[in-house]
There are 2 protein chains.
Amino acid sequence: MSFKLNPQLDADTQLVATLELCEVLLMNDSRYLWCILVPRLPDLRDFHDVPSAHKATFQAEIDRVSEVVAGLTNAYKMNVAALGNMVEQLHVHIIARHQGDAAWPGPVWGVGDAEPYEEAAADKLIAQLRDELTRS
Amino acid sequence: MSFKLNPQLDADTQLVATLELCEVLLMNDSRYLWCILVPRLPDLRDFHDVPSAHKATFQAEIDRVSEVVAGLTNAYKMNVAALGNMVEQLHVHIIARHQGDAAWPGPVWGVGDAEPYEEAAADKLIAQLRDELTRS
């Protein structure tokens with residue numbers, strides 16, 4: 001079976017960039033700079049399911065996105081997590097956290113309601129992220 | 001500065017095993033089989049802070065612990081997360097999740113009160129985990 005992005009992830013996000021292994025998505029919640037990485041391989045559920053041949057790329061892309069998001073936001077702390085209790089397709093949350101943000105110091109999931117981006121703000125942010133991520 | 005386990009992590013857990021890079025700790029909460037990996041390197045905060053020379057080992061140890069915990073519990077889903085909003089020393093949560101568990105389908109952090117293990121149960125579980133983790 002070929003890779004197909006989970007419909008819930010598709011609905012909640014916008015595409016930022018297509019890296020060698022992963023799609024980089026922007027969560028439509030302006031309370032945090034929150035990216036999601038999804039390896040473009042079929043039938044992955046758990047973090048440890050990524051095949052050996054792709055592990056190094058997987059980790060490098062997580063690190064790259066985390067560094068870019070941290071740099072753009074001057075994050076106090078980065079949160080990196082593969083949970084997938086609700087959406088089972090393997091996806092890695094990469095979230096910039098700041099002291100006093102909407103969920104601080106707890107995790108972000110299930111806290112309050114998402115605050116969608118204005119279209120122009122999302123476009124600008126996506127362009128910034130893509131520019132940083134595709135810079136060699 | 002040399003590595004020293006954060007006192008809060010030390011208080012909340014018991015040592016399971018010392019792998020090449022990480023300490024494997026058991027969270028003292030019998031509601032979930034919940035391990036925590038801590039790389040024995042000083043001054044790490046974020047997932048992306050692990051130095052290049054240690055990245056492959058770091059990922060391999062996360063995968064190994066996740067596979068062992070999944071196998072012992074027949075987990076429905078594994079949760080893998082580096083948050084660190086409260087305890088800043090880099091630590092990776094590896095948690096076996098089951099449909100209907102105490103926090104399902106939400107994340108486990110901040111939900112209800114931990115239910116400490118009976119001493120004998122903890123000893124038995126730690127021995128099982130250590131046995132699996134140190135098997136070649």
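**Aromatic pairs**

I began with the rings and counted six aromatic pairs over all chains. My rule takes the rings of Phe, Tyr and Trp (its six-membered ring) as a pair if their centres lie within 6.5 Å; planes under 30 degrees apart are stacked, over 60 edge-to-face, and the rest tilted. I looked at Phe47(A) and Phe58(A): the ring centres are 5.2 Å apart and the planes stand at 55°, so I noted this pair as tilted. The pair links distant parts of the chain, eleven residues apart, with Phe47(A) in the loop between β3 and α2 of chain A and Phe58(A) in helix α2 of chain A. Helices (H or I, at least four residues) and strands (E, at least two) are DSSP runs, numbered from the N terminus.

**Ground rules**

A note to myself: this is a predicted model, where local features need pLDDT of at least 70 and side-chain atom pairs count only at pLDDT 80 or more, while totals for chains, interfaces and linings use all residues. Residues are numbered from 1 along each chain as its sequence is written, chains are lettered from A and ligands numbered from 1 in the order in which they are written, and side-chain values use heavy atoms, with hydrogens and water left out.

**The sheet**

Next I traced the strands, calling two of them paired if DSSP finds at least two bridges between them. I found ten strands in an open, antiparallel sheet, ordered β1(A)-β2(A)-β3(A)-β5(A)-β4(A)-β4(B)-β5(B)-β3(B)-β2(B)-β1(B). At the edges I found β1 (13-18) of chain A and β1 (13-18) of chain B, each pairing on one side only. Neighbouring strands are turned by 25° against each other on average, direction ignored. For angles, axes are lines fitted to C-alpha atoms, for helices over the stretch in contact, and values run from 0 to 180 degrees between N-to-C directions.

Helix α2 (residues 52-73) of chain A packs on the sheet and touches β2 (22-27), β3, β4 and β5 of chain A, its direction making about 20° with that of β5(A). Helix α3 (residues 119-134) of chain A packs there too, touching β1, β2 and β3 of chain A, at about 25° to the direction of β1(A). Contact here means heavy atoms within 4.5 Å.

Which peptide bonds are cis? I noted Trp104(A) to Pro105(A), with omega near -5°, and Trp104(B) to Pro105(B), also with omega near -5°. Pro105(A) is in the loop between β5 and α3 of chain A, and Pro105(B) lies in the loop between β5 (92-97) and α3 (119-134) of chain B.

I also flagged Asp43(A), a residue other than glycine with a positive phi, near 65°. Asp43(A) sits in the loop between β3 and α2 of chain A. Most residues other than glycine have a negative phi, and most peptide bonds are trans.
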